[in-house]
Amino acid sequence: MKYRLKIFLQVLCACAALAAVGYASSFLAKIAAPQRAEKKFGGRAAAFAVFGGYREAIASFVWLKAYLAWERGDYQKCLSNIELCVELDPENIVFWNLGASIIAFDTPHWLFGGGKAPQSVQKSIRRRQGALALEFLDRGLVANPKSRRLKLDKAIIYEKVFADKNAALQWHKAACDEGAPIYVVRDCANMLEECGRAREALDLLLSRAGSFDKSHPSYEFYLGHIKRLENKINSQKNMLAL
Amino acid sequence: MTKIFLIAKNSAREAFRQKLVSLILAAAVALTLFSMWAMKLDLGHEQLKFTANFTAGALGFFGAVVSVVLTCRLFYSEIENRTAATLLARPVSRFQFVAGKLAGVAAMLAIFALAVLLAGAIPLFLTRQKLGLLPDEMFLGGRPDLKWAGYAVFGFLQYVKLVAIAAMACLVCAASRSMVFAIIASFMVCAAAVVSCSEFFSGGGFLLNAALYIVPDFDIFENSIGFIFGGVNWAQFFAAFFYGVIYIFAFLILSVWAFASREI
Amino acid sequence: MESVIEISRLTKYFRSGIRGILVRALNEVSFAVRRGEIFGLLGPNGAGKSTAIKIMLGLLKQNSGECRIFGEKIGEKTKSKIGYLPEAPNFYGFLTAKELVKFYAQMSGMRSADAEISAENALSLAGLSDCQDRPLSTFSKGMLQRAGLAAAVAHDPELVILDEPNSGLDPIGMSDMKDLILRLKASGKTVLICSHMLREVEQICDSVAILYKGEVAAFGALDEILGRNSEALIRVKNPTEKFFGAVEKSAAEFGADLKVEKGGGSLADFFNKIVFERRGK
């Protein structure tokens, strides 16, 4: 009994010493990896954490499995593999982007029962899957807060699934930050126009015109967009005057 | 120090002759070079980062295997062959023996890390050359830049992590009676350290939090891969370096304490 | 005469298995080894000889009792004066004989240059000059034994502990080993031999201690134990009755107390007698 107690006390002392060292040096860990808190491995991904840098390559193989499940229309397997992918490699925008598209636009068709479900049920399923896709994108934005792609994906889902142009506009605006490429600014302008805010759309285009390279292939279309909006606003003014 | 150096030299020579270690090194180098072809699997990963991650994976995964297996084999071969008894019958302290063993493993790990880093530099260099031919518009987030100084610093920090894993395995060996048990236990602790358990269970009671501090958090070393592209953040580097060094010494001291009461 | 090794009421228990059952290896063992003598530590398998040696070398800690080497507790200073050859030694196969001996000499505190010269001398003493640059993995068992002996004496220790020095040696090798040990004694060293080969031990040892199941069954100078001072054993081949008569008559003339026993008495006989007596108890 004494012998086992002695062994137990020795193990306890060693653990206490290590715990003390861990606690004392925890501030160094926080300095060394401050942004680590967002990347939490859960469930299955934890098992792959030991592979370190190979996680990205493993995520690619898992994504291929997700695609195979997508081809078969296997809802559970496809979603399960998409989730594992984003857990393994949360910084890969493609997984979040394609995953959200699959959830919002493809999975409803698998759940429609071969198109036999009534329209009201189909609409309900679309909205439910759309909500799932939005929640999925929210997690993607936690891991990638600066991603314009994911913000645009949210805007598209609000527009196409929920027909909520105002919510879509909010996300277009969020994506349209300083340094946004031409197509993002134009999309935002289009959405403003659709929401009946053509003046705001024109102001946006004019304010960003100087930041783009004039030799960009889309610049000509950008200028054309400005001209069209100017003409639209002017004709609206003329009609009001009349 | 001379005695520690001599024991380390012998241990390193013995480590160099371990066929299993050579095999693991060959696999790590091969997989690192394979990243050039694996990029065909590119599913939106940034190519340079994808390539760098193969080097990180080789150092992290295969490096951990080498650390644990080599430490356990070198330690137990001395005890089973009774060369430990012959050595400790001389005026050699238990500290000198354990420190010498760990230093020998560290020397071999340095060779391993260097070989993998050199192998990883080849696909990185070639990928950068290839990307250099592409126009700027192809890079939505800006053209990625490779910093070789950052790459070297990243490699050094990974080496520090591997030596810390070896020191942890040393503690397990000093306390356990069989090599198989030591290897399995070391791998389990290593996995817990790499997965960073504290991130799962934060917010628990005092005892749980205290228990979580027992296992070191080696996941912090993964952050250094950012040095390859964004340059070295010296605050993070020194924090990670000293974190690793503190744990190396802590495990070494505990190993000596456990080994001191062990009957040879 | 000064004692190099003093063991006093040494007791050692081992814990065995998960339940930690106590196994007694040594029980109140006491003996002493004088300076300059060759001492034999004998006993059947499991008697506790290796345990006693390990305690002397500081590899194990006793549960009670005292062990003093050169009048002090075992430590770095005392270890540097001890040379040790383990039983059936294993060495680093990738080292050459010279590298091995030099390594151990440096471990005992010698400087590199001195250790190199000592290694060459020690290997020459052990008869391995010709193969000092060969890796140990190519050595036979006997050659390893010699290499081990060279490593044990390279740093010129005052006390040499040899555990089964004749293990793996052929008869010529055993004879060479015997000569080596006598040479060590002649140079003023104290030698402790642990061996099963009683015939060889009998030829060279000055004192012995016989252990049985962790206890000292007999201890003392060899002559005293075997009664050599007080008795003489004369071996005669093919004695006749006429011879016995002549001997008895001669003994009576000298006033000697004569007892004729057919057959001889040796250490082996004595050893067996002791062990069987103990087993009977």
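The legends below describe close-up views of a predicted model.

**View 1. Chain B is built from helices.**
Chain B has eleven helices and zero strands. Read from the N terminus, its elements therefore follow the order α-α-α-α-α-α-α-α-α-α-α. Chain B holds 264 residues, and 52% of them count as buried. For contacts in chain B between residues at least 6 apart in sequence, 83% link residues at least 24 apart.

**View 2. Helices α3 and α7 of chain B cross each other.**
Two packed helices are described by the angle between their axes and the distance between the axes. Here the helices are α3 (residues 47–80) and α7 (residues 179–195) of chain B, with axes that come within 10 Å and cross at roughly 150°. An angle over 145 degrees counts as roughly antiparallel, and α3(B) and α7(B) are therefore roughly antiparallel to each other. The crossing in which α3(B) passes α7(B) is right-handed. On the α3(B) side the residues are Ala64(B), Val68(B), Val69(B), Cys72(B) and Tyr76(B). They meet Met179(B), Ala182(B), Ile183(B), Ser186(B), Phe187(B) and Cys190(B) of α7(B). Sorted by class, this contact of α3(B) with α7(B) has ten nonpolar residues, one polar residue and no charged residues.

**View 3. Helices α6 and α11 of chain B pack together.**
Helix α6 of chain B covers residues 148–175, and helix α11 of chain B covers residues 234–260. Their axes are 8 Å apart, and the packing angle is about 15°. That angle makes α6(B) roughly parallel to α11(B). The crossing of α6(B) and α11(B) is left-handed. In the contact of α6(B) with α11(B), 22 residues are nonpolar, two are polar and one is charged.

**View 4. Chain C contains helices and strands.**
Chain C has ten helices and nine strands. The C-alpha trace of chain C spans about 70 × 50 × 35 Å along its principal axes. Of the 281 residues in chain C, 42% are buried. Where contacts in chain C join residues at least 6 apart in sequence, 68% are between residues at least 24 apart.

**View 5. Six strands of chain C form an open sheet.**
The strand order in chain C is β5-β6-β7-β3-β8-β9, and the pairing is mixed. Strands β5 (82–85) and β9 (215–221) of chain C stand at the edges. Each of these two has a single partner strand, so one side of each lacks a neighbour in the sheet. From one strand to the next, the twist averages 15°.

Strands of a sheet pair through backbone hydrogen bonds, either parallel or antiparallel. Strand β3 (residues 38–42) and strand β8 (residues 207–212) of chain C pair in the parallel sense, over four bridges. Phe39(C) stands opposite Ser207(C), a residue in β8(C). Helix α1 (residues 49–56) of chain C packs on the sheet and touches β3, β6 (159–163), β7 (190–194) and β8 of chain C. The direction of α1 of chain C makes about 150° with that of β6(C). Helix α5 (residues 141–153) of chain C also packs on the sheet, where it touches β5 and β6 of chain C. The direction of α5 of chain C makes about 170° with that of β5(C).

**View 6. Met191(A) is a buried residue in a helix of chain A.**
Met191(A) belongs to helix α10 (residues 182–194) of chain A. Within 10 Å of Met191(A) there are 22 other C-beta atoms. A residue is buried if this number is 20 or more, so Met191(A) is buried. Apart from neighbours within four places in sequence, Met191(A) is in contact with Lys165(A), Ala168(A), Leu169(A) and His172(A). Of these partners, Ala168(A) is 23 residues from Met191(A) in sequence, and the C-alpha to C-alpha separation is 7.8 Å.

**View 7. Chain A meets chain B.**
The contact takes in 32 residues from chain A and 37 residues from chain B. On the side of chain A that touches chain B, α1 (2–24), α2 (26–32), α4 (55–72) and α6 (93–111) of chain A each supply at least two residues. The largest share of that side comes from α1(A), with eight residues. By class, the residues on the side of chain A that touches chain B are 22 nonpolar, seven polar and three charged.

Terms used: Residues numbered from 1 in each chain as written. Chains lettered and ligands numbered in written order. Predicted model: local features only at pLDDT ≥ 70, side-chain atom pairs only at ≥ 80, totals over all residues. Buried ≥ 20, exposed ≤ 12 C-beta atoms within 10 Å, placed from the backbone. Contact = placed C-beta atoms within 7 Å. Axes fitted to C-alpha atoms, helices over the stretch in contact; angles between N-to-C directions. Parallel < 35°, antiparallel > 145°, perpendicular 65-115°, else oblique. Left-handed = near helix turned anticlockwise from the far one by under 90°. Nonpolar A, V, L, I, M, F, W, Y, C, P; charged D, E, K, R; others polar. Pairing = 2+ DSSP bridges.
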